[in-house]
Amino acid sequence: MKSGLWALTPEPRGLSVPDEILGNFIGKALNYLTKAMKINLLILALVLWVGMEKAGAQTIADSTAPRADRCFTASLYHQHHDFFGKPFSFQGVEAGMTIKRRLLLGLYASFFASRLKAEIDQSLHQVWMGQGGIYGGYVLHPERRFHPGAQLNAGLFSLRAEEASTGLARPDPGTINENGLVLAPQVFGELRLTPWFSLRTGFSYNFYLLFDHPRIRTSDLNRLSFTFSLVFGCHKAKA
């Protein structure tokens, strides 16, 4: 039994000579077209595969090619600060972009890794604090291995203080929740160790503005800070 395109060809038995010749011709033509279509499909598939391979390779090359005008950076930092007259520290992270190797833009977040014990309203409290926002900065002489810069962090902060346990049964301990704005201008120096890693250290002053009617004085928070950072990203000097 015939199958496929051959099933469309006329049966030569019982036909006249011209009909038989015509049937054979149509059958051969359909067979030829079938083979030609298979070859064309194979060629088309090969062309598409080569094109996709080239497009993929070009995309990878474009994504991995170095851009002189911008690159992404991230840093981990430790910020030493005095709160309520006691030395303590933030642990933080920054992630952003360096534009033209000079302009810094990005986001930051920092928090207490543990609780600070401090006296508030003549009672001992355990204090936790976190903050986050945006930052912008400018680097001088980025082509040098050691270069200075300046940065401004601006964001929101949240402070929570719970009255420390005195050993007595107190189901509702005194709790302080404060929120507000923070501005922290900073000057720093950065030492490039490898094309992708550098060390940064600097000084900043933190200005806190509390919302509503705070139970905490801004003088308990506004202090000079010392910051040490590990910076990852593009640090290679221009050739």
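The structure is a predicted model in which local features need pLDDT of at least 70 and side-chain atom pairs count only at pLDDT 80 or more, while totals for chains, interfaces and linings use all residues. Residues are numbered from 1 along each chain as its sequence is written, and side-chain values use heavy atoms, with hydrogens and water left out.

The protein chain contains one helix and ten strands, where helices (H or I, at least four residues) and strands (E, at least two) are DSSP runs numbered from the N terminus. Along the sequence these elements follow the pattern α-β-β-β-β-β-β-β-β-β-β. Of the 239 residues, 30% count as buried; buried denotes under 20% relative accessible area, exposed over 50%, and partly exposed the range in between (1.4 Å probe, protein chains only). Among contacts with a separation of 6 or more, 61% are made by residues 24 or more positions apart, a contact being defined by heavy atoms within 4.5 Å.

A search of the whole structure identified ten aromatic pairs. Rings of Phe, Tyr and Trp (its six-membered ring) pair if their centres lie within 6.5 Å, and planes under 30 degrees apart count as stacked, over 60 as edge-to-face and the rest as tilted. The ring centres of Phe 83 and Phe 112 are 5.1 Å apart and the planes stand at 70°, so this pair is edge-to-face. Phe 83 belongs to strand S1 (residues 70-83) and Phe 112 to the loop between strand S3 (103-111) and S4, so the pair ties together parts that are 29 residues apart in sequence. Both Phe 83 and Phe 112 are buried. For Phe 90 and Phe 112, the centres are 5.2 Å apart and the planes at 40°, so the pair is tilted. This second pair also links distant parts of the chain, with Phe 90 in strand S2 (residues 86-99) and Phe 112 in the loop between S3 and S4, 22 residues apart. Phe 90, like Phe 112, is buried. One aromatic cluster is formed by Phe 83, Phe 88, Phe 90 and Phe 112. Elsewhere, Arg 200 lies over the face of Phe 188, at 4.3 Å from the ring centre; a charge sits over a ring if NZ of Lys or CZ of Arg is within 6 Å of the ring centre and within 35 degrees of the ring normal.

Grid points are joined across faces, edges and corners, and a volume is the space filled by probe spheres set on the points. One cavity of 30 Å³ or more was found in the whole structure, and the largest cavity holds about 130 Å³ of space. Its lining comprises 14 residues, of which Tyr 77, Gln 79, Glu 94, Asn 153 and Gln 186 lie nearest the centre. Two or more lining residues each come from S1, strand S6 (146-163), strand S7 (175-194), strand S8 (197-205) and strand S10 (224-232). The lining of this cavity divides into three nonpolar, nine polar and two charged residues; Ala, Val, Leu, Ile, Met, Phe, Trp, Tyr, Cys and Pro count as nonpolar, Asp, Glu, Lys and Arg as charged, and the others, Gly among them, as polar.

The second largest pocket contains about 150 Å³ of space. Its lining residues include Phe 84, Lys 86, Asp 121, Arg 215 and Asp 220. Strand S4 (residues 116-120) contributes the largest share of this lining, with three residues. The lining consists of four nonpolar, no polar and six charged residues.

Lys 117 lies in strand S4 and is partly exposed at 48% relative accessibility. Beyond four places in sequence, Lys 117 touches Lys 86, Leu 124, His 125 and Gln 126. Leu 191, located in strand S7, is partly exposed at 32%. The C-alpha atoms of Leu 191 and Phe 146 are separated by 4.5 Å, although these residues are 45 residues apart along the chain. In the loop between S2 and S3, Lys 100 has a positive phi of about 55° despite not being a glycine.

Definitions and conventions
1 Å grid on protein atoms, 1.4 Å probe; cavity = no way out; pocket = protein on both sides within 12 Å on 5 of 7 lines; lining within 4 Å.
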